[in-house]
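Here's a quick briefing to read with the structure open beside you. Have a look at the fold first, then work through the points below.

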Amino acid sequence: MNIKGTGVKSVDEFVKNKFSDNYQEWLSLLPEASKIIYTNPIYVTNWYSIQDAIVTPVQLISSLFYDNNVEKAAIESGRHSAEMALNGIYKIFIKVASPNFIINRTSIIAASYFSSCEIIVIESFTKSARFQIIKFPGIDKIVELRIKGWVEKALEMTGAKKVNININKSLTRNDECSEFSVSWE
């Protein structure tokens, strides 16, 4: 499975912005395959190995900066990814979008980040929704949690308050899909 360079760049920027004093240490501790990605230019249109570009680097972020709390590291890096993606050219667009608009476009958004990923919206109501990842070869829990963080931040940027997201089923636990229940005020 591969991820588009935009997602990779967001991890790099996350560490540079949030842990700037330790950025070089993070780079130096990355395994060789990940280090090659992060010490060379990251092209937003290129595809990168999700293991080397996301999973391993976020695991290291977890151990260096989050006391081995992988969930928090993954969610926070996912939130940062949404902020980067939606504060640029899409800033005006996101201000007028509704939470349901974002949820209903998760499959389109996911396809722009991940190769061979399929997401479907099961239900979309005024203050809640459910969506499922039904295809994602080699998905990792870190990727699921980054998606959770991304959706959470994107909804907040549309004005949603008290966003709550639960992952009820998970492809990483051999369920038939990864299912996300989302609610907000």
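Two strands count as paired when DSSP finds at least two bridges between them. By that rule β5 and β6 (residues 178-183) are partners, with 5 bridges linking them in the antiparallel sense. Keep in mind that this is a predicted model.

**Overall shape**

- The C-alpha trace spans about 45 × 40 × 30 Å along the principal axes of the protein.
- A compact globule of 185 residues would have a radius of gyration near 16 Å, and the protein comes out at 16 Å, so the two agree.
- Buried residues account for 49% of the 185 residues.
- Take the contacts between residues at least 6 apart in sequence: 65% of them join residues at least 24 apart.

**The sheet**

- Four strands make up an open sheet, and reading across it you get β3-β4-β6-β5, with antiparallel pairing.
- The edges belong to β3 and β5 (164-169); each has a single partner strand, so one side of each has no neighbour in the sheet.
- From one strand to the next, the twist averages 20°.
- Helix α9 (residues 141-157) packs on this sheet and touches β4, β5 and β6. The direction of α9 makes about 150° with that of β5.

**Strand by strand**

- Strand β3 (residues 118-124) runs antiparallel to strand β4 (residues 128-135), and 6 bridges join them.
- The link from β3 to β4 is a hairpin of 3 residues.
- Two bridge pairs to find here: Val-121 is partnered with Phe-131 of β4, and Glu-123 is partnered with Arg-130 of β4.
- On to the next pair, where β4 and β6 run antiparallel and are joined by 6 bridges.
- Phe-131 turns up again here, with Phe-180 as its bridge partner in β6. That gives Phe-131 a bridge to Val-121 as well as one to Phe-180.

**Helix α1 against helix α5**

- The axes of α1 (residues 5-18) and α5 (residues 70-87) come within 9 Å and cross at roughly 105°.
- Angles of 65 to 115 degrees count as roughly perpendicular, and α1 and α5 are therefore roughly perpendicular to each other.
- On the α1 side, the contact uses Lys-9, Ser-10, Glu-13, Phe-14 and Asn-17. They meet Glu-76, Ser-77, His-80, Ser-81 and Met-84 in α5.
- By class, the residues in the contact of α1 with α5 are 2 nonpolar, 5 polar and 3 charged.

**Helix α4 against helix α9**

- Helix α4 (residues 50-65) packs with α9 at an angle of about 80°, and their axes are 9 Å apart.
- That angle makes α4 roughly perpendicular to α9.
- From α4, the contact takes in Ile-50, Ile-54, Val-55, Val-58 and Gln-59, while α9 brings Ile-142, Val-143 and Arg-146.
- What's the class make-up of the contact of α4 with α9? The contact has 6 nonpolar, 1 polar and 1 charged residues.
- Remember that α9 also packs on the sheet, where β4, β5 and β6 are the strands it touches.

- Ser-34 sits in helix α3 (residues 32-39).
- Is Ser-34 buried or exposed? Its relative accessible area is 0%, so Ser-34 is buried.
- Leaving out residues up to four places away in sequence, Ser-34 touches Asp-52, Thr-56 and Pro-57.
- Asn-22 lies in the loop between α1 and α2 (23-29).
- With a relative accessible area of 30%, Asn-22 is partly exposed.
- Asn-22 and Phe-65 are 43 residues apart along the chain, and their C-alpha atoms are separated by 9.1 Å.

Technical notes:
Residues are numbered from 1 along each chain as its sequence is written. This is a predicted model: local features need pLDDT of at least 70, side-chain atom pairs count only at pLDDT 80 or more; totals for chains, interfaces and linings use all residues. Side-chain values use heavy atoms; hydrogens and water are left out. Axes are lines fitted to C-alpha atoms, for helices over the stretch in contact, and angles run from 0 to 180 degrees between N-to-C directions. Angles under 35 degrees count as roughly parallel, over 145 as roughly antiparallel, 65 to 115 as roughly perpendicular and the rest as oblique. Contact means heavy atoms within 4.5 Å. Ala, Val, Leu, Ile, Met, Phe, Trp, Tyr, Cys and Pro count as nonpolar, Asp, Glu, Lys and Arg as charged, and the others, Gly among them, as polar. The radius of gyration is taken over C-alpha atoms; the globule rule is 2.2 Å times the number of residues to the power 0.38. Buried means under 20% relative accessible area, exposed over 50%, partly exposed in between (1.4 Å probe, protein chains only).
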